[in-house]
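Welcome! Here is a friendly tour of one protein, taken topic by topic. Keep the viewer open and look up each residue as you read.

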Amino acid sequence: MAVFDGEHIRFSFSQLGNALGKAVTPTPLDNGRLLTYNAALADELGLTTADIHSERFRAILSAEAPLAGRKPFAMKYTGHQFGQYNPELGDGRGVLLGEWRDDNGTLWDWHLKGAGKTPYSRHGDGRAVLRSTLREYLASAAMKGLNIPTTQALAMATSDTPVMRERIETAATLLRVSESHVRFGHFEYLFYSQQHDALGTLADYVIARHFPELAEAEKPYAALLQEIVERTAEMIAKWQAVGFNHGVMNTDNMSILGQTFDYGPYAFLDDFNPNNICNHTDYTGRYAFNQQPAIALWNLSALGYAFTPLLESDVINDILGGYEHHLQVAYSKAMRDKLGLSDAQQGDSALFNALFSLLESERVDYTLFFRRLSDIKQDTLLSANTLNQFNDLVSDVDTLTEWITDYHQRIAHLDDDTRLACMQTTNPKFILRNYLAQQAIEAAEQGDMQPTHNLMTVLASPFASHSALDSLARRPADEEKDMTLSCSS
Ligand code: AMP
Ligand code: MG
């Protein structure tokens, strides 16, 4: 199909030369076939249903055919994993196929995950399994629906290629789409391998492609680092507000666009547990839910260190010093939105702290609590009926009553319709609970994609009611909660 060869295809990253990777020949899947695709995203990119169902797209997705006759590119990066520098990283099982230029002129990287071995595969097989690709497919759609910056997934292929993990699984691919695949780890690689000219070239490329307005700044590299710090702080604030635990915040999994990147053993909280750990290899809780704000700063500091050939240290430190403030501003705003508080007041922190201590001590379902609160009008807040609505979530009725009374007083002067509208578009009815992802995976492994389609429907607009799919918003049973997942993917 000409659409995959012609005016839409670009290779802007080739401006970087070979400093950041190698051209590779992917290893096709055996009997690769389209498993599912994101129709809304296809449409946004300007792809028709016929394009997606074409033989050519199937071949691209199955690692059989390149874009516009160009060999794909495996990118080299390094990074800090669990605090330790690892020089051996890179695209070990993914390749950059090229860039798709949409009708607005925006370039989207097309990255095929699971395309076979590359020079950076180390001992890995270069494959991704159906289970992990479907988890990424669902999670990136969930984050998009929640208005949280994220990479996206256009489509997945399944195959007859067996892959050995803890058991034999099916090899799959995922076509990841993002304006950028540049990670903190790309800068770290060029810094630690002493390729300081290439470091400047990469920074220039990132500025020209993603932040052209920064080229006019007095110190463009300082403006770039500042932008990354601010975006990262905003992303983290949104994760904390919605209850998202990434699980593997290594610096190679951090995007310079401040997008949620590389979905591994992530979790959306069921019960509110600030110490939640979702990665079973995270023995110390380094990447626990409540550690994420501090870890992001640690990662930004690693990036800042890699910027030392480009900028004076005191400039870097000043920029990093601003992280906390950006995080606080973004987090306070996100939390006020959850309670529908359109203005800021002195006692707000105390109101939040009291609520979080109740949610934590009672292990309250985080999503359901805020969603139910979002439907209660001010004049009924203090009624017995309100308390009844929480009786399956909270047993300490006295503390709940006390908090609701304070909240009632706090919102007395606010317009109630505005408050409720804000809360109902901030607090999702549907989130991607781990057990729901697991059910979709088990069905997909049996060839049934309906649970995936149902989840995609609610996750695309998680604030809407979707009454026919209400069961996807129910409170999970105890055995469905708190699954800890391995990184094996
Ligand atoms: P991840 O845990 O997906 O962030 O991957 C960490 C590093 O391991 C990256 O360099 C990956 O490319 C590499 N990697 C992960 N799984 C595989 C695999 N099955 N084959 C080759 N490399 C892999
Ligand atoms: Mg990674």
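Let's begin at Q84, a residue in strand β6, which spans residues 84–86. Keep in mind that everything here comes from a predicted model.

- Is Q84 buried or exposed? Q84 counts as exposed because its relative accessibility is 57%, and the cut-off for exposed is over 50%.
- Q84 and A74 are separated by 10 residues in sequence, and their C-alpha atoms are 23 Å apart in space.
- M75 belongs to another strand, β4, made of residues 73–75.
- M75 has a relative accessibility of 6%, so it counts as buried, the limit for that class being under 20%.
- Along the chain, M75 and A23 are 52 residues apart, while 8.7 Å separates their C-alpha atoms.

- T405 sits in helix α14, which covers residues 397–410.
- With a relative accessible area of 37%, T405 is partly exposed, because this value falls between the limits of 20% and 50%.
- N250 is found in a loop, the one between β13 (244–245) and β14 (267–268).
- The relative accessible area of N250 is 3%, so this residue is buried.
- How far apart are the C-alpha atoms of N250 and H123? They are separated by 19 Å, and the two residues are 127 positions apart along the chain.

**Backbone angles to look at**

- As background, most residues other than glycine have a negative phi.
- Q194 is not a glycine, yet its phi is positive, near 60°.
- You can find Q194 in the loop between α5 (184–192) and α6.
- Q194 counts as exposed because its relative accessibility is 63%.
- H466 is also not a glycine, and it has a positive phi of about 45°.
- H466 lies in the segment that comes after α17 (450–460).

**The magnesium ion**

- Which protein residues are donors of the magnesium ion, ligand 2? They are N253, through OD1, and D262, through OD.
- These donors lie 1.9 to 2.2 Å from the ion.
- Both N253 and D262 are buried.

**Cysteines**

- How many disulfides are counted? The count comes to 0, where a disulfide would need two cysteine sulfur atoms within 2.5 Å.
- C278 has a relative accessible area of 1%, so it is buried.
- C422 has a relative accessible area of 22%, so it is partly exposed.

**The largest cavity**

- The structure holds 2 cavities of 30 Å³ or more.
- The largest cavity contains about 70 Å³ of space.
- Its lining is made up of 13 residues, and those nearest the centre of the cavity are M75, D109, V182, Y205 and R209.
- So M75, buried at 6% relative accessibility, turns up again here in the lining.
- Strand β7 (94–101) and helix α6 (196–210) each supply at least two residues of this lining.
- Which element gives the most to the lining of the largest cavity? That is α6, with 3 residues.
- Sorted by class, the lining has 6 nonpolar, 3 polar and 4 charged residues.

**The second largest cavity**

- About 40 Å³ of space lies in the second largest cavity.
- Its lining residues are V242, K338, Y366, T367, F370, R371, N427, P428 and I431.
- Helix α12, residues 366–373, provides the largest share of this lining, with 4 residues.
- By class, these lining residues are 5 nonpolar, 2 polar and 2 charged.

**Domains**

- The protein chain is divided into domain 1, residues 2–184, and domain 2, residues 341–424.
- How far apart are the C-alpha centres of domain 1 and domain 2? These centres lie 43 Å apart.

Technical notes: Residues are numbered from 1 along each chain as its sequence is written. Chains are lettered from A and ligands numbered from 1 in the order in which they are written. This is a predicted model: local features need pLDDT of at least 70, side-chain atom pairs count only at pLDDT 80 or more; totals for chains, interfaces and linings use all residues. Side-chain values use heavy atoms; hydrogens and water are left out. Donors are N, O and S atoms within 2.8 Å of the metal (3.2 Å for Na, K and Ca); water is not among the atoms, so sites may look incomplete. Buried means under 20% relative accessible area, exposed over 50%, partly exposed in between (1.4 Å probe, protein chains only). On a 1 Å grid over the protein atoms alone, a cavity is a set of points where a 1.4 Å probe fits but cannot get out, and a pocket is an open set with protein on both sides within 12 Å along at least five of seven lines; lining residues have an atom within 4 Å of a point. Grid points are joined across faces, edges and corners, and a volume is the space filled by probe spheres set on the points. Ala, Val, Leu, Ile, Met, Phe, Trp, Tyr, Cys and Pro count as nonpolar, Asp, Glu, Lys and Arg as charged, and the others, Gly among them, as polar. Domain bounds come from an automatic or database domain assignment.
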